[in-house]
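Subject: Structure handover and findings

Hello,

Here is the structure for your files. My notes on what turned up follow below it.

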2 protein chains.
Amino acid sequence: MRVLLVGAGGVGTAITRIAARRSFFEAMVVADRDLARAEAAVAAVDDGTGRFSAAPVDASDEAAVTALLTERGCDVLLNATDPRFVMPLFGAALAAGADYLDMAMSLSRPHPERPYEECGVKLGDAQFERAAEWEKAGRLALVGMGVEPGLSDVFARYAADELFDTIEEIGVRDGANLTVDGYDFAPSFSIWTTIEECLNPPVVYETGRGWFTTEPFSEPEVFDFPEGIGPVGCVNVEHEEVLLMPRWVDAGRVTFKYGLGEEFIGTLRTLHQLGLDRTGPVTVQSDRGPVRVSPRDVVAACLPDPATLGERMHGKTCAGTWVKGTKDGRAREVYLYHVVDNQWSMREYGSQAVVWQTAVNPVVALELMAAGTWAGSGVLGPEALAPRPFLDLLTSYGSPWGVRES
Amino acid sequence: MRVLLVGAGGVGTAITRIAARRSFFEAMVVADRDLARAEAAVAAVDDGTGRFSAAPVDASDEAAVTALLTERGCDVLLNATDPRFVMPLFGAALAAGADYLDMAMSLSRPHPERPYEECGVKLGDAQFERAAEWEKAGRLALVGMGVEPGLSDVFARYAADELFDTIEEIGVRDGANLTVDGYDFAPSFSIWTTIEECLNPPVVYETGRGWFTTEPFSEPEVFDFPEGIGPVGCVNVEHEEVLLMPRWVDAGRVTFKYGLGEEFIGTLRTLHQLGLDRTGPVTVQSDRGPVRVSPRDVVAACLPDPATLGERMHGKTCAGTWVKGTKDGRAREVYLYHVVDNQWSMREYGSQAVVWQTAVNPVVALELMAAGTWAGSGVLGPEALAPRPFLDLLTSYGSPWGVRES
């Protein structure tokens, strides 16, 4: 397998560190708009085998990415950029005849008249529209293959296959007790993506009704996270799992709730009230005269890069899937989860917990694809494939998952 | 009198509208970096007398402003820009031999080690340092001559002269019940200046101790504002009155508290936590490539221009000075205040209430200077001059002030 990894930010860099310990691929080309960033990621893992190399690329330029895939003879593109670049990278892989993986799907657009009741363009719609082309090409686009979406979807399929006869509700629940020394406010994940998923209308799925949206931060609940994290206030946010799971898993209701906490919700509300979440440009003075900049990019530029905070970070992060249903005629409720302790991920990989947890899952998926254990064609979510090999391989990477029965 | 008005923003434009109804000056040159903005202000008030004219000027260019004062034969510079431009304009007036007025004083710099206990560079320090030059030139720099500082300082001097024998405490208190249709968050005054005054360490004066600072938003209290505004939560903020009043009025303690309300305080805290209040540049992508922009400028660019919100605004704004002390051996407490109803200021002048209330006071001061009623040399605050003629002339402008005894 020859991999083109696009994006050498926090997650991309963690991917190289995790992949460097595995032997399933012959080459990984690390491409980034900032060549120095790609080179730094490669230099950190260069093991003398020459498997890793760096290249400059503009992820928004589909033709340039297609050319790079062909030149380097890559048979799979792993997208580790922010969701704005999903469609050009997805298109480039198809054009070059490569397989494709991402960790976030093509962006949504709210319903023009009833944004908090009906879906407009949904997450991933632009990708699923092209599913027939992928099937025809006999290539696999495995979408939403990070931790959430990704591992959370594998958990849902595992629950449906092995733990339940009927499923009333699946709720992905994400929470952490991470703190960062020296910062009042330092998100542990890309603020650009966090704003995108938290301020868009949250999407919910119900049998009969299908997908629909609510006001932001709806249906607040306190969820008790395992391994010492404890109770965290969670609210609905827009997330890929709600769009993916109902396509392959039979469930009465699917939600995604994020353990944001009151303070973080307040911060996001303020950014929205002030229009600072906007991606459309405003005109402002700069050192080069009046320019047009995206306020959300400015917010991101003011905050520390989450990938660099690992040394100052303490605590654990938990991703997981709560399932309620019946087994053998009896009610059952389980939470399938994966916890990463920042101290462990920093010591083992030099990557902070949230970034590492996102990065490990696509590497596991690539290894299953290289072995032929995971195979298919078309546009598939992780729940379309066999869950048990994935969960076993993840454990063998030194990062076990858990189950809590209640 | 020939006036050079620098700044054709909200306050500058309101100044031209108020001045147009008065006959005390022969010429008012309206200068702005954006000539079109200056021309628009002039066009709106042109009464056929030719008293108003427009000119382009860069307020940060002291030499250019000096040349403009000389060319146009102006004998007074009225500064209606934001506080960043105080020093070049103040210097230009001195260089050209003109008098000078502003509505905010030269900027402070926090104490490098103990910012929330001791003053560093205080508001106006850079101006008072040059007082001897102004005295020697026989010209007057009347600083802090808006509504707050400005009218609030006139109130303090009036209280000391006519209402009290001894003053224990003077507290400027500013509150409003303004709302803006269609906006969750729309400050009624320049957000740049509001951030500057609210996030800098608040300054307090006490006899014996002198000036000192506190944490932002300190000493919260609920103050009951008159004319139907009612109780509003107020906190200490940095403001010029605290630096001006003790120089000319004998009082045991001087504070300034702003009726920000909990929600606005929360918004300012969030901007500070995220570093979006910073004026120092961050690097961000723009339509012209990577540029350096000031996050605070981006925040301002995302919000509506407060001067344009008058039509959608409802309610009243109150500026005033609360004084506690003794008269004839008995305890006394009064609140001297000035309320502007937005509906009135929009109908009469087409200017929103907060902007109009700031603008009227320097025009009254100019008229007193033109008549010779207010005269002096050096760097003076409004409380250095006779309060009664000012208060009478303000009332004759159709905007009376009030007194509440408690």
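One definition before the rest: buried stands for under 20% relative accessible area, exposed for over 50%, and partly exposed for what lies in between (1.4 Å probe, protein chains only). This is a predicted model, where local features need pLDDT of at least 70, side-chain atom pairs count only at pLDDT 80 or more, and totals for chains, interfaces and linings use all residues. Residues are numbered from 1 along each chain as its sequence is written, chains are lettered from A and ligands numbered from 1 in the order in which they are written, and side-chain values use heavy atoms, with hydrogens and water left out.

Cysteines

A disulfide is a covalent bond between the sulfur atoms of two cysteines. The cut-off used here is a pair of cysteine sulfur atoms within 2.5 Å. Over all chains, the search finds 0 disulfides. B:Cys119 is in no disulfide either: the nearest cysteine sulfur, in B:Cys198, is 17 Å away. B:Cys119 counts as buried, with 18% relative accessibility.

Sheet in chain B

Helices (H or I, at least four residues) and strands (E, at least two) are DSSP runs, numbered from the N terminus. Two strands pair if DSSP finds at least two bridges between them. Chain B has an open sheet of 7 strands with parallel pairing, in the order β3-β2-β1-β4-β5-β6-β19. Its edges are β3 (52–56) and β19 (378–380) of chain B; each has a single partner strand, so one side of each lacks a neighbour in the sheet. Angles run from 0 to 180 degrees between N-to-C directions, and axes are lines fitted to C-alpha atoms, for helices over the stretch in contact. With direction ignored, neighbouring strands of this sheet are turned by 20° against each other on average.

Within this sheet, β1 (residues 2–6) and β4 (residues 76–79) of chain B run parallel and are joined by 4 bridges. B:Val3 is opposite B:Val76 of β4(B). Helix α2 (residues 35–45) of chain B packs on the sheet and touches β2 (27–32) and β3 of chain B. Contact here means heavy atoms within 4.5 Å. The direction of α2 makes about 175° with that of β3(B).

Chain B also has a hairpin: β14(B) and β15(B), with 2 residues between them. β14 (residues 282–286) and β15 (residues 289–293) of chain B run antiparallel, joined by 5 bridges. B:Val282 has B:Val293 of β15(B) as its bridge partner.

Sheet and helices in chain A

Chain A has an open sheet of 7 strands with parallel pairing, ordered β3-β2-β1-β4-β5-β6-β19. β3 (52–56) and β19 (378–380) of chain A are the edge strands, each pairing on one side only. From one strand to the next, the twist averages 20°. β4 (residues 76–79) and β5 (residues 99–101) of chain A pair in the parallel sense over 3 bridges. A:Leu77 has A:Tyr100 of β5(A) as its bridge partner.

Helix α1 (residues 10–19) of chain A lies across β1 (2–6), β2 (27–32), β3 and β4 of chain A, at about 165° to β2(A). Helix α4 (residues 86–96) of chain A lies across β1, β4, β5, β6 (140–142) and β19 of chain A, at about 160° to β5(A).

What angle do the axes of α7 (residues 151–163) and α9 (residues 240–248) of chain A make? They cross at roughly 30° and come within 10 Å. A:Ser152, A:Asp153 and A:Ala156 of α7(A) make the contact with A:Glu241, A:Leu244 and A:Met245 of α9(A).

Backbone points to check

The peptide bond from A:Glu148 to A:Pro149 is cis, with omega near 0°. A:Pro149 lies in the loop between β6 and α7 of chain A. In chain B, the bond from B:Glu148 to B:Pro149 is cis, with omega near 0°.

A:Glu219 has phi near 50°, a positive value in a residue other than glycine. A:Glu219 is partly exposed, at 30% relative accessible area. B:Asp328 has phi near 55°, also positive and not glycine. B:Asp328 is exposed, at 61%.

Best wishes
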